[in-house]
Amino acid sequence: MARPTLRTLALFAAVFAVQTLGGVVGIGTGLFALALPLGDRPWTIVTSVYAHGGFTHLLANAVALAVVGPLVARVTTPIRFHAFFLGTGAIAAIAQIFLTVPLGPTAVLGASGAIFALLGYTLVGNRASEAVLAWLPIGRRGRLTLFAVVAAVLTLATAAPGVALVAHFVGFSLGAVAGRGRILHTSREATPRQ
């Protein structure tokens, strides 16, 4: 397994240990969960990406990261991997809390937005996808529509009470756009041929 993936899994475990310890001494998830207003606890933009709502949540995200993380880690640098993971996770979580305001106050924990971004990058940013997209005569708008449909299908496949569906959709969409531009790839030969 690629080192950036292992380091991210280690961060998950460390943050979860701190969360568990915090629960023992009476500190709730507010220290870790992203919620409005953002200015009250700005550090949660980072901590919310690595924190989890329980062991099952942690395990599900760890398994998903172990599957898709190495695929992205092998084509990029550790710094790019971690910046992409944190950036897409934070954007997905922020989108979740802002776009669900009409449903009432909400708080977000977990790495699934970032993991969906890695999945989107993996599905779109590889040579096989490039070959399939080149074969389909759907144009630029059609490709964007296709990405949106795939993001919606994958998002709905994870639908359950308490699941941050907006974060999943936004994360996958960010990853797909980044994958299309192959922004994490480090070598010249890795860029798509036109």
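Analyst: Let's start with a naming rule: Ala, Val, Leu, Ile, Met, Phe, Trp, Tyr, Cys and Pro count as nonpolar, Asp, Glu, Lys and Arg as charged, and the others, Gly among them, as polar. This is a predicted model in which local features need pLDDT of at least 70 and side-chain atom pairs 80 or more, while totals for chains, interfaces and linings use all residues. Residues are numbered from 1 along each chain as its sequence is written, and side-chain values use heavy atoms, with hydrogens and water left out.

User: Which kinds of residue make up the lining of the largest pocket?

Analyst: By that rule, the lining divides into 18 nonpolar, 13 polar and no charged residues. A pocket is an open set of points on a 1 Å grid where a 1.4 Å probe fits, with protein on both sides within 12 Å along at least five of seven lines, and lining residues have an atom within 4 Å of a point. The volume, about 530 Å³ here, is the space filled by probe spheres on points joined across faces, edges and corners. Of the 31 lining residues, His57, Leu109, Ser112, Ala164 and His168 are the closest to the centre. At least two lining residues each come from α3 (55–73), α4 (78–99), β2 (107–108), α5 (112–124) and α8 (165–181).

User: What makes up the secondary structure of the protein chain?

Analyst: There are 8 helices and 2 strands, counted as DSSP runs of H or I with at least four residues, or of E with at least two. From the N terminus they run α-β-α-α-α-β-α-α-α-α.

User: What makes a set of residues a nonpolar core?

Analyst: Its members are buried Ala, Val, Leu, Ile, Met, Phe, Trp, Tyr and Cys residues joined through side-chain atoms within 4.5 Å. The largest such core has 30 residues, and Phe12, Leu65, Phe84, Phe85, Leu118 and Tyr121 have the most contacts inside it. Of the elements in this core, α3 gives the most, with 6 residues. Another core lies apart, with 5 residues, among them Ala92 and Ala164.

User: Which residues does leucine 118 touch?

Analyst: Leaving aside residues up to four places away in sequence, leucine 118 touches Leu65, Val68, Gly69, Val72, Phe81, Phe84 and Phe85, where contact means heavy atoms within 4.5 Å.

Note on methods. Buried < 20%, exposed > 50% of the residue type's maximum accessible area, 1.4 Å probe, protein only.
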